[in-house]
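Let's take a walk through this structure together, following a few side chains and the partners they meet. Keep the 3D view open as you read.

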Amino acid sequence: MATTSSMFMYSLTIQPPTSVTQAILGQFAGTKEQQIVTASGSRLTIHRPDPTQGKVSTILSQDVFGIIRTLAAFRLAGSNKDFIIIGSDSGRITIIEYLPAQNRFNRLHLETFGKSGIRRVIPGQYLAVDPKGRACLIASAEKNKLVYVLNRNAQAELTISSPLEAHKPQTLVFALVGLDVGYENPIFAVLEVDYTECDQDPTGQAFEEVEKSLVYYELDLGLNHVVRKWSDPVDRTASMLLQVPGGTDGPSGVLVCGLDNVTYRHSNQDAFRVPIPRRRGVTENPERKRCITAGVMHRMRGAFFFLLQSEDGDLFKVTIDMIEDDSGQPTGEVKKLKIKYFDTVPIASNLCILKSGFLFVASETGNHHFYQFEKLGDDDNEAEYDSDSFPADPTEPYTPVYFHPRPSENVNLVESIDSMNPQLDCKVANLTDEDAPQIYSICGSGARSSFRTLKHGLEVNDIVDSELPSVPAAVWTTKITRNDEFDAYIVLSFDNGTLVLSIGETVEEVTDTGFLSSASTLAVQQLGEDALIQVHPKGIRHIRADRRVNEWPVPQHRSIVAATTNERQVAVALSSGEIVYFEMDSDGSLAEYDEKREMSGTVTCLSLGEVPEGRVRSQFLAVGCDDSTVRILSLDPDSTLENKSVQALTSAPSALSIMAMPDSTSGGSTLYLHIGLYSGVYLRTVLDEITGELSDTRTRFLGPKPAKLFRVSVKGEPAVLALSSRSWLGYSDPQTKNFMLTPLSYVPLEWGSNFSSEQCTEGMVGIQGQNLRIFSIEKLGSNLLQESIPLTYTPRKFVRHPEHPLFYTVESENNTLSIATKEQLLNDKTVVNGDGVRLPPDEFGYPRAQGHWASCIHVVDPVTAKATLQQIDLTDNEAATTMAAVSFASQSDETFLVVGTGKDVTVSPRSSSAGFIYIYRFLEDGKELEFIHKTKTEQPPSALLAFQGRLVAGIGTELRIYDLGLKQLLRKCQAQVVPNLIVGLQTQGSRIIVSDVQESIIYVVYKQQENRLIPFVDDVVARWTTCTTMVDYETVAGGDKFGNLWLLRCPQKASEEADEDGSGAHLVHERQYLQGAPNRLALMCHFFPQDIPTSMQKTQLVAGGRDVLVWTGLQGTLGILVPFVSREDVDFFQTLEQHLRGEEAPLAGRDHLIYRSYYVPVKGMIDGDLCERYSLLANDKKQMIAGELDRSVREIERKISDMRTRVAY
């Protein structure tokens, strides 16, 4: 990377892409349990389906820094563990395994076979595995196929052979599958087209006659080469192959899925063909043919079936009947093929059937679904069609068959997994007046589209919420004896007394516990084997198992102001500034240490850590005083209460907690001191277990109220509950073991404690006002919470109301019947009963119709109503394309909603009969829209923007300025500024930044005196712009449709010239440079994040954070670009990135630097996602890199975590 760049950004992913391009099933952990492995862009994720709860949880997700094109699972004969083969863009075949003990992927083999990148003759596009795990075939879209033989050596390790070639030039591959042939030579079935003759025939005659063939390639294991064994023509529309079980289970062979038909083919059997049933209904076109888009085969004992999905989402069950011999056993010869309607689920990119009776649907758009099978559709009265009634020859016609879609009967939805794919637009705004802004985004397609609100926080499961007689000050839970599994009491402290509740089937008040109920309580602890401790302002009560009570009274005229306890020690601070320390004797009584320790100021808080395993005492006591210090005192018998270390703070400490937590630096667990300050700041510092020294302090601002800290446990790991104006949880990330501090999506609490009972084994109890709340935290994996509001059609754009917390969306759906046409058809008098059934579109989709558009405008309230408030449907085959909120100076600055639409739009090639600009007035604080008028334009407006009290619109290649008239918009000025099509507009001052669909961006200045729009700077590279935002007056950040992010800057001189008064005439006549504007933009930064950016804005994400660039990707990615402030940081991260490229090479074998420079060399960008993999390295590698950087491992990890936590989550 050129260090001459004057601008550097740090790229981070906040939410990885959620669209699943491929999903495979297997026993990757080597146990009986099945896992699902999915690929999303460049991420490989392994999920664990839990059949008992019907949930899918993520175990591990890793960025492979390469595009995953295909995945396959295979298992060597006789083993019980599945390996994963990855076909990527690295020109290499990768075999990896999942190691459950270390929770990581381990690469076993990396074999290079070609160039990197996605090319049509380099294998990697198709991958098939022999079902017995003996070989795999990896193929390219054209010409090349390679077979690798897989085996094991004497040490039982997986081995891979040199590749065997099965190339055939001028051949296109459409589908590829491994045949099930038992233990005979492995065979792979391929759908191929030979285009040799088409290429040489200019008349096009050969193209009309070209045939698609099903070809068998056999790997001869004895001779170690691949032969083309059998070839036969199939239906020209065939696009998919599915493996049919062979050997003892079935007839072997393949199902060939084409347009409107499914055919069974095998080299030694006849062909059998069935049609794909079409939907029946008045809104359906009876002539429309369907094709199969996804399918899955499932074997059960002695039987198998297929589920095939059409492009409407309908699942069909396909079975094969075999001819039986005299004894009733199947012979392996096919008798007929049968198909019937099964159920309807969302359109999937992959279907997986689990042995535990679940179906995982990796949806193409919207949430992924996890279904449970209720039955297998054998006993319903759905019509079944078999191959006896239909000709096997693909050219012969037949009568189509129909079915009535119905609500699901065979599968039942148990979990919907959030997915924001495709994400089309996004805004960051703080509408709820919280301390951090929320992210609002529109995503999904068709009836499954939604408006989503994303908040930073953990999901909280509320269990109990009950009101108390008065406002409590604190709450504790305690066991009665040390070996109890669950808590027995909840102790509540009030200003003038203490209330004890027993935990059982119900929670009731108890009075005979030995607790002093007339005074407030400062601490409660189960001590030793079977005793309890209650600390109150006037003393310490020690309650024995036989209900004997020992009381230690406070010296006269003093009271206890702070207390801390663990199961063997007690320490209290008196109002005189003295600290009294007790330790448990061998006989279970509390012994006071002779000397009291005087502190310099008033003690505000104390903390003893838990007693470590196998020890009799905690080594240290932390003391916080009002002189803004924390002191660590030793509790060693030789040096009791001696000062070990001290730390100065910015404000007085309000809470302390010493805790051992898992640590990514040491790989084990480390002792931490957590500190909460009265200023609402939280600090976490490492406490040395030998010397008591404090080091490596990290800070976070929690809120304006004093911070309180409580030790809790979540998912069996220790965590810290930090309470300020919001509730936060500090915990170790389940994957990386990095410390995370995340707010809870919950009411602010005043006090908290751990809670464990039979009904809720791992929960927390808290106080909010006068209420007692019991809750638990289930998921630690995702720290972004989503709320979803359903929309009607695919959303295209949305804008926010300038004052009120409301959003307006425009939605349009192509080739779909509009509501008016649909109603007209459904209300027709001639409708036969059963054909007029109205099906919910979110499950069954909308009725399709070529050339029709359905479109609407929505008012969305994501804060109070959490619903859509108004829907305005567009008529006359119009489709909404864009919108803006514009305040017109001519209407005394009233804001109107402006919507651009197109009539009879054809997407490709681009055409339309007319465009319109609609004007709506806001009523009732923006909750309703009132139509004012519409203005006709030659083409649909593709971008709208408010500009100096008027409207600027991009219509085709023209930029126009409109003002608002009584009957329609009045054109004030126009200029042709781009060569193709305006797709985006941004403005500051009198400058307008115009994005062209394929020619990057152009800076235009508006000159008031001449009333002219003059382009003055454009770009050197033709970028296919998708989104832009202005970073400052000279600089623009944007993304393009190839998945690049870039920052461009206007030359200083050109910028100043354009803004000079009276420079209009000079600019108009300035000489063009190479048929473009007189000046050129300079590229500042460039990066390839692998997802197509759909929106971009400059904003803050956390309270008090710096401005960052937030971008969203089509596949559901959320990312940020953080500007570096100091040159020193740039050098540090650049060197770190360089070391990680070598030490932590990407899993799939892609070179990281080349991957991030896919189209243009990476410039001025540092990949934060790679830097964050530092904490996952082995300790020796960490130490080595730290040595090279001349820093400690902790220092490096702190720098990496600070880059994220200071600006984002």
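Predicted model: local features only at pLDDT ≥ 70, side-chain atom pairs only at ≥ 80, totals over all residues.

## Side chains and their partners

Residues are numbered from 1 along each chain as its sequence is written, and side-chain values use heavy atoms, with hydrogens and water left out.

Which residues surround Gln786 once its neighbours within four places in sequence are set aside? Gln786 is in contact (heavy atoms within 4.5 Å) with Gln15, Asp418, Met420, Arg452, Thr453 and Leu454. With Arg452, the side chain of Gln786 also makes a polar contact of 2.7 Å. Such a contact is a pair of N or O atoms within 3.5 Å; within protein, one must be able to donate a hydrogen and the other to accept it, and residues adjacent in sequence count only if both atoms are side-chain atoms.

Now to the charged pairs. The structure contains 70 salt bridges, each being a side-chain nitrogen of Lys or Arg within 4 Å of a carboxyl oxygen of Asp or Glu. One of them joins the side chains of Arg265 and Asp232, at 2.1 Å from N to O. Arg265 belongs to strand 21 (residues 261-265) and Asp232 to strand 18 (residues 225-234), so this pair ties together parts that are 33 residues apart in sequence. Arg265 is buried, at 11% relative accessible area, while Asp232 is partly exposed, at 24%; buried means under 20%, exposed over 50%, and partly exposed in between (1.4 Å probe, protein chains only).

Another salt bridge links Arg482 and Glu567, whose closest N and O atoms are 3.8 Å apart. Arg482 sits in the loop between strand 38 (474-478) and strand 39 (489-494), and Glu567 in the loop between strand 46 (560-565) and strand 47 (569-574), so the pair connects parts 85 residues apart in sequence. Arg482 is partly exposed, at 40%, and Glu567 is partly exposed too, at 25%.

Further along, Arg1080 and Asp1018 form a salt bridge with closest N and O atoms 2.4 Å apart. Arg1080 lies in strand 86 (residues 1079-1080) and Asp1018 in strand 82 (residues 1012-1018), 62 residues apart. Asp1018 is buried, at 13%.

Methods. Helix = DSSP H or I, 4+ residues; strand = E, 2+ residues; numbered from the N terminus.
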